[in-house]
Amino acid sequence: MLEGEETARRIVSVELRKTLGRFYILWGSFPAAANIFVVAVATAEGARAVLGIAVFSMPWYVLWFIMVLGVYVWLTFHIFISFYRVVTSFLRVKSNKWYGVFTASYFLLVLTLWFVLGGQLAVVFSALYAVGVTFFTYSAIYSGFVRPRYYDHMALIGFLLLFPLSFVFTYAFQLVISLMWIYAGVKSLMEGCGGG
Amino acid sequence: MLELLRRYKLLNGNKLGILLALYHVEGYVTFSDLQSALDMPKSSLHKFLEEMKEMGLLEYRRAITDLGVRAVVRITKRGQEVVKEYAELIKKVKF
């Protein structure tokens, strides 16, 4: 029976590494998905200047951003459901029953405050958000089912440092984060498929 | 518990492990992923999966995946019920 559980852990660890890969690729693509609308707004502003027709405005961008964020959060929930089921099951190595509730509450609080209190405190809230992402992803990695890899550290520590700094210096840091996350995602999927 | 495992021919650790893992993983798992995780010969794994399919515990078939046509497995309703029963028995043993 113990041999059976050990076998199950080996299979689950391969699947969870692929889960992490999907998570990295998903959020690596977020800045591009969120900012497509900025490009559309800029184009429309150009059209308005020439033709005098208002197509888009900033409230539309906020609506788009919230929609994209909603889709990404829903997909993240869907992706991490396996992780949640494993860490709360009898296969668990370390018990973490309140993981899901605590994670959801933390992000809901930080994102709500960020939206309400606005852009002047963006550095503070982006730092809190980055700490949350890093902490919760590391806690999933160190749940005992997957082995931490250099690309996990690169993606998460890179995010922790560069995301808040992107609100101080340049948004180009978010492009760097995207590339690091997509790299970590591809490496994770390759490892999960036995080619890493 | 032994009675449950004997009834479904799950006394083999690998077979029990496959069933437990599939219960926790959402959706299909490819044959090659199972093989790389278990590091066992293809023929033995195929035999295990066929036996478990005959017991109604798994769905085992070829399907179109991102990587092309692959053999895939997924746990069935009956398989899920067996794992739930096993988990209940394990809880009683562990606590």
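Trainee: Which residues does A:Ala155 touch, not counting residues up to four places away in sequence?

Mentor: This is a predicted model: local features need pLDDT of at least 70, side-chain atom pairs count only at pLDDT 80 or more, and totals for chains, interfaces and linings use all residues. Residues are numbered from 1 along each chain as its sequence is written; chains are lettered from A, and ligands numbered from 1, in the order in which they are written. Contact requires C-beta atoms, placed from the backbone, within 7 Å. With residues up to four places away left out, A:Ala155 touches A:Tyr24, A:Met180, A:Trp181 and A:Ala184.

Trainee: Which element gives the most to the side of chain B that touches chain A?

Mentor: The contact takes 19 residues from chain B and 20 from chain A. On the chain B side, α2 (13-24), α3 and α5 (77-94) each give two or more. Eight residues come from the top contributor, α2(B).

Trainee: Which strands stand at the edges of the chain B sheet?

Mentor: Strands pair if DSSP finds at least two bridges between them. The open sheet has the order β1-β3-β2, with antiparallel pairing. Each edge strand has a single partner, so one side of each lacks a neighbour in the sheet; the edges are β1 (29-30) and β2 (58-65) of chain B.

Trainee: At about what angle does α2(B) run to β3(B)?

Mentor: Axes are lines fitted to C-alpha atoms, for helices over the stretch in contact; angles run from 0 to 180 degrees between N-to-C directions. α2(B) lies across β1, β2 and β3 of chain B, and its angle to β3(B) is about 95°.

Trainee: What arc do the buried residues of α3(B) cover?

Mentor: In α3 (residues 31-38) of chain B, the buried residues are B:Asp33, B:Leu34 and B:Ala37. The arc is taken from the directions from the helix axis to the C-beta atoms. They sit on the same side of α3(B), because their arc is only 100°.

Definitions and conventions: A residue is buried if 20 or more other C-beta atoms lie within 10 Å of its own, exposed if 12 or fewer, and partly exposed in between; C-beta atoms are placed from the backbone. Helices (H or I, at least four residues) and strands (E, at least two) are DSSP runs, numbered from the N terminus. Two residues are in contact if their C-beta atoms, placed from the backbone, lie within 7 Å.
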